[in-house]
Amino acid sequence: MPDMFQGFDPIPLASEPPRHPPLTCAAVLGAGAWGTALASALQRGGIPTWLWARRPEVAEAIHNRNHHPHCLPEIDLPSGLGATHDLAHALHGAQLVILAVPSAATRDTARKAAGLMTPGTVVLTASKGIEQGSGALMTRVLDEELGKVMLTGSIGGPSFADEVASGKSTLLTLAMPALARNHAQYRDAQRVTGSLMQQLARAGVTLELTPDVIGAQVGGALKNMIAIACGMATAQGMGENARAGIVTRGLDDMRRLTLAMGGRVETLLGCSGVGDLFLTAGSEQSRNTRLGMQLGRPGGSAFDAAGELAEGAVSVMSVQILEREFGLRLNVAAAVRDVLQQRVPVEQALQRLLHDNARSVVAPVARMPRPRSLKPGTGRGGSETTRPVTQPWGLSYA
């Protein structure tokens, strides 16, 4: 039987993790709710952190009053958290950089930051999206803009920003190719992630590690689309059975795209897959779920009160490039696209998603092998006995 969690480097819960030199400087680029929450967690974990804000007034409020004027208004941000609208100032000396900007802004932000970082810096994307025009996952965008001199990866999982900023228990996935044991920079990646794990634990954040950036990012991007569809079903009064069916279809979409791109299905069993999906699709606190509920009501619009699109509404269009490249039809993405582009009414799109071309999405169970006789032996009374030969067998996820 294969190890179902071979994609992860599990954290020992009962024993003290190995000691690593603490990180002494980090930067988070993007002062939205998620970026502010991550910066707060890093600072509370004992890592001096600078938060880069695009607007000077936001940086001033965070830096001088420990308060974000627009996001997380009820939360007192940690003392000592620095904020600036000067990108070079934020990045100076940073050993760890997290880009917490929307997917549409990731390339431009990475390009501006490229010349301001030291080679070997760990650079993570916290965006759960797919780039418009290219279909690129965010780590590919980072690699294209930063070159191979940085250790790139992603961080994500089931995490409402207010809870992370408040220090409530959170489990996230950190994915980085350099965490593969045969990677040339494995030791560097292990040292930095080991330090980060130790320090974030003080802020209530636990990390699970994997080298599989594909599975981690596919899970993060597609769960937003599934949440939109679940929100539409809620607004239509379709019931919990329908929502569960949508989640099932969505998980199959995740599985097929992850495999097509060379990722591991096992990664989807972690925080960045089913964990994030459970939180996002199951709560009206999720922006993507609320968008779906808005679309599901008569006269609903894809834009929120600020005139912005949720990340899932952007990625549902961008993912078409990957569908064409790998010859796939992602059922949930197709249904949400039909509604966003006003090609099909919400009810019809959801009914088609749930009932058209119904098929099993579970890999077939392998047939139990027929017992094969060993050389006959003499039993009691001279009777012959046979014993079956034990043969390994299991399920296939292919």
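**A surface patch, and what lies inside**

Modeller: L251, L269 and V274 make up a nonpolar patch on the surface, with about 190 Å² of accessible area together. Patch members have over 30% relative accessible area and no salt bridge; like charges are joined within 9 Å, nonpolar side chains (Val, Leu, Ile, Met, Phe, Trp, Tyr) within 5 Å. A salt bridge puts a side-chain nitrogen of Lys or Arg within 4 Å of a carboxyl oxygen of Asp or Glu. Areas come from the Shrake-Rupley method with a 1.4 Å probe, and for residues only the protein chains shown count as cover.

This is a predicted model: local features need pLDDT of at least 70, side-chain atom pairs count only at pLDDT 80 or more, and totals for chains, interfaces and linings use all residues. Residues are numbered from 1 along each chain as its sequence is written, and side-chain values use heavy atoms, without hydrogens and water.

L251 sits in helix α9 (residues 240–260). Helices (H or I, at least four residues) and strands (E, at least two) are DSSP runs, numbered from the N terminus. L251 is partly exposed, because its relative accessible area is 31%; buried means under 20%, exposed over 50%, partly exposed in between (1.4 Å probe, protein chains only).

Now the whole. The protein chain has 15 helices and 10 strands. Of its 398 residues, 50% count as buried. Its accessible surface is about 19,000 Å², and 53% of that belongs to carbon and sulfur atoms.

Next, the inside. The largest nonpolar core has 47 residues, of which L42, L96, I98, M176, L196 and L207 touch the most other members. Such a core joins buried Ala, Val, Leu, Ile, Met, Phe, Trp, Tyr and Cys residues through side-chain atoms within 4.5 Å. Helix α1 (residues 33–44) gives the most to this core: six residues. A second, separate core holds 41 residues, including A242, L277, L291 and L330.

Helix α12 (residues 311–318) is mostly covered, with seven of its eight residues buried. Its cover includes α4, α8 (213–235), α11 (287–296), α13 (320–326) and α14 (331–340).

R107 lies in α4 (residues 103–113). R107 is buried, because its relative accessible area is 17%. Its side chain makes a 2.8 Å polar contact with that of E144. Beyond neighbours within four places in sequence, R107 is in contact (heavy atoms within 4.5 Å) with E131, V141, E144 and E145. A polar contact is a pair of N or O atoms within 3.5 Å; within protein, one must be able to donate a hydrogen and the other to accept it, and residues adjacent in sequence count only if both atoms are side-chain atoms.
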